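Trainee: I've just opened this one and I'm lost among the terms. Can you walk me through what each label rests on?

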Amino acid sequence: EKFMPSTERPVLTHCQFLNKSLVERMSKGGIIANVQPQFVPSDLPIIKSRVGEGTERFRYAYVWRTLMKAGVHVAGGSDAPVEAPTPLVGMADAMEHALFEAERMTLVEALSMYTLEAAYAARAEERLGSLEVGKEADFVVLSCKSDAQGLTASELRSCQVEKVYVHGKLVHELTSDAKRRRVALGDGPGKSGLVPFVRGRCPACSMASHSCSSASKVEG
């Protein structure tokens with residue numbers, strides 16, 4: 001806070017356990033929250049015993065909508081390979097928020113995390129994050145069970161990415177064969193490796209030919 005002014009756009013990653021004072025300081029200091037909504041269902045079995053139900057840390061666990069309402073820029077990510085790098089699943093988890101109903105985001109808020117806010121966190125809002133004249137036209141075309149106005153978290157999970165455009169050019173299109181197979185979105189190693197991980201072993205270490213010292217993170 002002392003050596004990095006808000007103009008530098010400092011980023012605090014994860015933001016799983018906060019308190020009222022930290023939320024206020026993040027808002028005042030212009031600190032960006034880089035969060036992973038998939039952590040909520042992953043951590044749900046252990047959160048109460050590890051943090052202590054009834055404590056301030058528990059009340060301020062995964063309070064990303066609270067941060068957003070306080071004026072903090074909240075960008076969505078996955079922490080891959082701990083979680084699967086699937087933005088639609090992250091958005092759905094943010095909308096459902098398995099721990100606190102009051103922290104559930106609307107579809108618009110969840111979408112904003114992975115588009116406008118992610119671009120802002122990357123200092124790329126002038127070219128990414130929204131469909132506007134002069135920007136790079138990176139976007140996807142989805143096939144969903146209902147229109148965007150009434151899309152639920154459950155329906156969002158079942159959406160298929162039909163097409164992917166980068167710089168306005170089609171780079172991927174879902175084939176009819178792939179549609180028939182319809183493989184469910186998988187989980188990252190962190191889901192199955194949660195128990196060993198909280199005891200000290202990183203799930204990323206189990207990935208072939210990669211060690212913790214050389215593994216890299218990709219944020220969505």
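**Reading the labels**

Mentor: Let's start with charges: Asp93, Glu96 and Arg157 are linked in a network of salt bridges. Bear in mind that this is a predicted model, where local features need pLDDT of at least 70, side-chain atom pairs need 80 or more, and totals for chains, interfaces and linings use all residues. Residues are numbered from 1 along each chain as its sequence is written, and side-chain values use heavy atoms, leaving out hydrogens and water.

Trainee: What makes the contact between Arg9 and Glu125 a salt bridge?

Mentor: The term asks for a side-chain nitrogen of Lys or Arg within 4 Å of a carboxyl oxygen of Asp or Glu. For Arg9 and Glu125 the N to O distance is 2.7 Å, so the pair passes the test. Arg9 sits in the segment before β1, and Glu125 in the loop between α8 (116–121) and β4, so parts 116 residues apart in sequence are tied together.

Trainee: How many salt bridges turn up in the whole structure?

Mentor: Seven. One of them joins Arg127 and Glu136 at 3.1 Å, N to O. Lys48 and Glu53 make another, at 3.8 Å, N to O, and that value still counts because the cut-off is 4 Å.

Trainee: How do you know whether Arg9 is buried or exposed?

Mentor: Look at relative accessible area: under 20% is buried, over 50% is exposed, and anything in between is partly exposed (1.4 Å probe, protein chains only). Arg9 has 17%, so it is buried.

Trainee: What makes you call helix α7 mostly covered?

Mentor: Six of the eight residues of α7 (residues 107–114) are buried. They are Leu107, Glu109, Ala110, Ser112, Met113 and Tyr114. These residues pack against β2, α5 (64–69), β3, α6 (87–96), α8 and α9 (153–157), where contact means heavy atoms within 4.5 Å. Across the 220 residues of the chain, 37% count as buried.

Trainee: How do you know which strands pair up, say β2 and β3?

Mentor: Pairing takes at least two DSSP bridges. Strand β2 (residues 32–35) has three to β3, and the two run parallel, so they count as paired. Ala33, for instance, has Val74 in β3 as its bridge partner. The open sheet here has the order β1-β2-β3, with parallel pairing. β1 (11–13) and β3 (74–76) stand at the edges with a single partner strand each, so one side of each lacks a neighbour in the sheet.

Trainee: And what pairs with β5?

Mentor: Strand β4 (residues 139–143) joins β5 (residues 160–166) through five antiparallel bridges, with Phe139 partnered by Tyr165. On β6 (residues 169–173), β5 pairs over four bridges, again antiparallel, and Tyr165 stands opposite Leu170. β5 and β6 form a hairpin with two residues between them, and His167 in the turn has a positive phi of about 55°.

Trainee: Last one: why are Val140, Leu142 and Val161 called a nonpolar patch?

Mentor: Val140, which is in strand β4, has 45%, so it clears the area cut-off. For the chain, the accessible surface comes to about 12800 Å², with 55% belonging to carbon and sulfur atoms.

Methods:
Areas by Shrake-Rupley, 256 points an atom, 1.4 Å probe, with all protein chains shown as cover.
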